[in-house]
Amino acid sequence: MQAKAGTKLRTRIIKALKRDKYLFLMFLPIFIYYIIFNYIPITGAIIAFKDYKPGMGLYSGKWVGFKWFVQFFESPFAFRLIRNTVLIALYSIIYGFPVPIIFAICITEIQNTKMRRIVQTASYLPHFISTVVVVGMLKNFLSVNDGIVNAIIAALGGERINFMMDAKWFRTIYVASGVWQHFGFNSIIYIAAIIGIDPSLYESSKIDGITKFKEVWYITIPMIAPTIIVLFILQLGRIMSVGFEKVYLMYSPAVYETADVISTYVYRKGIESSSYSFSAAVGLFNSVVNFAFVFGSNLISRKLTQTSLW
Amino acid sequence: MRKLNSIICVVLCLMLIVSLFTGCAGSSKQSASDQTPSEQTSGKTSEQTSTKSTEPATTSDEPLVISWLCTNGSTLVYDFENMAWCQEILRRANVKLEMELIDSSVYRDTVMPRLAAGVDLPDVIQLPSLDSDMAYINSGVFIDLTDLYDKYGVNLNKRFEDNPTVRGQISTPDGRIYYVPVINMSIDYCTAINMNLPWLEALGLSIPETTDQYYETLKAMKGKDLNGNGQDDEIPLFMRSGMLQLFGAMWGLDLNLGYTVEEDGTVKCSYTSERYKNFLEYWHKMYKEGLLYNEFATATYDIQNNLFSQNRIGSILHYHNNDVSYSQLIDPNYDLEKDKLIMSPIEPLKGPYGHKFYWGNDPIAGFFGITRFCEKPEEVFKFIDYLYSEEANYLLYFGIEGVDYVREGDKIILDNKKRNTDNYANRMGHNFGGFPRILLGIHRDFSYNAEVAENNKRLKPYYVLPIGNSFFLEEELDIVQAYSTDLSTYWSEMFIAFITGTRDLSEFDNYVDTLKTMHVEDMEKVYQAKYNRQLQAQ
């Protein structure tokens with residue numbers, strides 16, 4: 001029985017391969033990419049449990065168990081680092097997640113196609129500016145002496161704010177600039193989903209005399225809900241991995257209090273004082289938490305809404 | 001509609017161009033802040049003592065090929081292949097370099113991961129750090145050079161004899177040598193307070209001699225429209241991020257390393273002392289009254305250049321040999337040979353506890369190592385040793401005899417006009433950063449204009465060495481790796497917090513207690529032991 005099922009499966013796979021050979025061929029480079037750059041390096045995580053010395057190969061060095069994990073959690077900054085990392089990610093989701101959806105709904109309501117395209121293209125553009133440039137712009141605009149923002153504040157009679165040296169402002173600046181930079185690009189997938197909705201639904205609701213707001217609430221949002229949920233779960237998977245380079249470019253000791261995240265601390269400690277095992281341990285911890293978030297949220301979502309990643 | 005489209009097109013293009021420029025600004029500050037003191041080097045030791053009759057590394061006709069990974073400081077714009085002086089050295093040594101030159105701003109980030117991976121490395125590598133934790137030595141990437149030094153290090157050993165402190169600093173605790181050092185046998189040409197002299201003259205003030213007078217002087221500069229642009233935009237003291245720590249010298253504190261040798265020979269953390277509290281009080285006052293630049297914790301090199309070009313800076317504590325470029329920025333018509341410097345260094349201020357000195361350069365300015373992938377370590381070492389000969393040294397700093405300089409007895413006569421025109425010396429490979437080398441005062445005094453050299457003579461007696469670079473023991477390393485990042489994270493953020501006033505100085509005792517719970521006393525012991533070893537080696 002089992003053997004029969006096995007051969008059946010095999011013939012099915014061969015059939016599928018034959019039928020979709022070009023699709024599989026297109027998929028192949030991505031498959032190889034993931035194997036080489038994402039799966040094979042996982043074995044390197046082994047150094048998190050070892051006393052790794054650079055230059056001796058990954059599998060040398062003596063076993064030290066959980067020494068590096070203990071060292072991280074004993075650090076007086078462990079709590080602050082986790083808090084900063086999670087809060088930045090959380091705020092990014094809270095403020096950054098709804099914006100592309102709202103934007104997508106608004107933009108699909110624009111009847112003038114030319115206008116719509118212009119707005120859409122303009123909203124993508126910031127996404128393609130490199131982080132270095134964005135942070136450079138932020139520093140210029142927010143400079144306490146010559147920045148345009150402070151010039152406006154001063155002109156309106158307000159007190160100049162030293163944005164880049166004030167720990168209270170770091171998260172706001174980080175999240176707001178992130179939302180500005182990416183909302184246009186992130187809306188693409190929602191726009192595609194909205195355009196894919198069967199127009200007959202709108203037509204029949206119009207006959208029933210629905211208002212615009214109710215149309216969005218009862219048709220558009222439920223129809224794109226699966227897309228929203230899937231993207232949301234994927235977002236949760238990044239909760240512990242705030243983009244390193246943007247924080248690194250933006251921060252200074254003046255704002256460590258709110259800006260120092262796990263990745264920047266690991267960079268200072270791990271790379272600059274070459275404790276690679278320590279860095280690997282913290283990275284592994286990060287990934288495990290991320291994994292738990294994706295897994296957990298997927299489980300909850302499957303139970304509640306029947307929509308899930310797998 | 002078409003018109004509208006083209007307008008939008010133009011606007012978008014403009015936006016992109018503007019963002020490109022801001023991008024350049026954003027990235028270049030990295031390179032500026034990464035400039036290390038390794039370029040700031042010189043000395044007074046007699047050049048004549050080194051051996052003259054040096055045989056080039058190889059004698060066979062086939063040139064020795066060495067793969068070579070290095071950075072070239074700030075002058076990467078010039079092609080190594082066209083650096084006639086360096087190429088002449090290679091020709092005489094019959095060596096061909098497979099050169100991999102990496103920009104200094106990214107050198108660390110590029111080379112460290114490669115060293116960590118430890119595979120397919122070139123024969124010779126300029127280290128991205130001073131490896132004080134012996135990570136690379138312990139990893140076995142670099143071979144032990146001790147025997148090669150004894151056998152072939154003719155010129156290097158001679159240099160060590162002339163400068164006896166060096167050997168102690170580059171030997172591991174068990175007496176081995178793994179690296180070839182970039183030696184900087186002078187601690188001068190280093191940081192000093194540079195003041196805008198025309199401003200002082202306009203105010204009718206004399207040069208401040210104590211920290212209190214300095215405060216009064218800066219206060220007098222505030223709001224006086226000294227640059228005459230009709231705006232109240234003068235910055236009495238400009239400091240970039242990480243630079244304010246240099247003022248610690250006037251309180252007898254080494255705030256860069258974080259550990260200072262006290263008068264009784266004990267090593268104490270600089271960030272916990274009573275003197276440091278006084279330092280913070282002083283600088284909090286400076287910040288609060290707007291005498292210290294309000295973006296001192298985040299300002300970049302671009303901002304500095306921009307402010308100098310608008311003549312808005314009254315003083316700055318940094319390398320005094322930069323005064324020429326500061327003066328050029330302030331006055332584009334500044335004539336290197338005729339005009340007096342606008343920014344000029346002053347003698348160290350006498351601090352509240354009677355300290356009157358500046359921190360000087362460490363003699364060890366960098367390391368080169370031969371990797372275990374090198375097939376002919378003897379031959380390669382012989383070439384490196386040749387770079388320390390007088391012949392190679394003269395080529396590297398003065399150029400080719402008869403073309404760039406002439407000898408008259410003991411004297412060397414340089415064509416300074418030619419050297420300074422169109423960056424001639426740099427283009428030829430003067431003081432090429434990618435070579436192991438020894439820098440002596442004789443080279444330095446010639447490369448600057450007379451006034452800078454004169455200023456340096458005045459300042460030289462005030463330069464004091466901090467705890468120099470040397471290696472840690474294995475068990476010390478465990479302590480350093482476990483605690484140093486946390487400590488420096490905490491004290492560097494509190495440094496700014498106390499000065500800007502986000503934390504009140506009444507919390508100072510709490511702050512010291514916190515540092516103690518973070519094992520600062522264990523770190524003091526480590527630095528004490530390291531310092532004692534250095535004393536012993538001398």
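This is a predicted model: local features need pLDDT of at least 70, side-chain atom pairs count only at pLDDT 80 or more; totals for chains, interfaces and linings use all residues.
Modeller: Two residues are in contact if their C-beta atoms, placed from the backbone, lie within 7 Å. Residues are numbered from 1 along each chain as its sequence is written, and chains are lettered from A and ligands numbered from 1 in the order in which they are written.

Biologist: Is B:Ile66 buried or exposed?

Modeller: B:Ile66 lies in strand S1 (residues 64-71) of chain B, strands being DSSP runs of E of at least two residues and helices runs of H or I of at least four, numbered from the N terminus. Leaving aside residues up to four places away in sequence, B:Ile66 touches B:Val95, B:Leu97, B:Glu98, B:Asp123, B:Val124, B:Val380 and B:Phe383. A residue is buried if 20 or more other C-beta atoms, placed from the backbone, lie within 10 Å of its own, exposed if 12 or fewer, and partly exposed in between. Because 22 other C-beta atoms lie within 10 Å, B:Ile66 is buried.

Biologist: Which element gives the largest share of the side of chain B that touches chain A?

Modeller: The contact takes 36 residues from chain B and 36 residues from chain A. On the side of chain B, the elements giving two or more residues are helices H1 (2-33), H3 (104-117), H4 (135-139) and H19 (474-500). The largest share, eleven residues, comes from H19(B).

Biologist: Which element gives the most to the side of domain 2 of chain B that touches domain 3 of chain B?

Modeller: Chain B is divided into domain 1 (60-187 + 362-457), domain 2 (191-359) and domain 3 (474-537), with bounds from an automatic or database domain assignment. The contact takes 17 residues from domain 2 of chain B and 17 residues from domain 3 of chain B. On the side of domain 2, strand S6 (259-261), strand S7 (267-269) and helix H10 (274-288) each give two or more residues. The most, seven residues, comes from H10(B).
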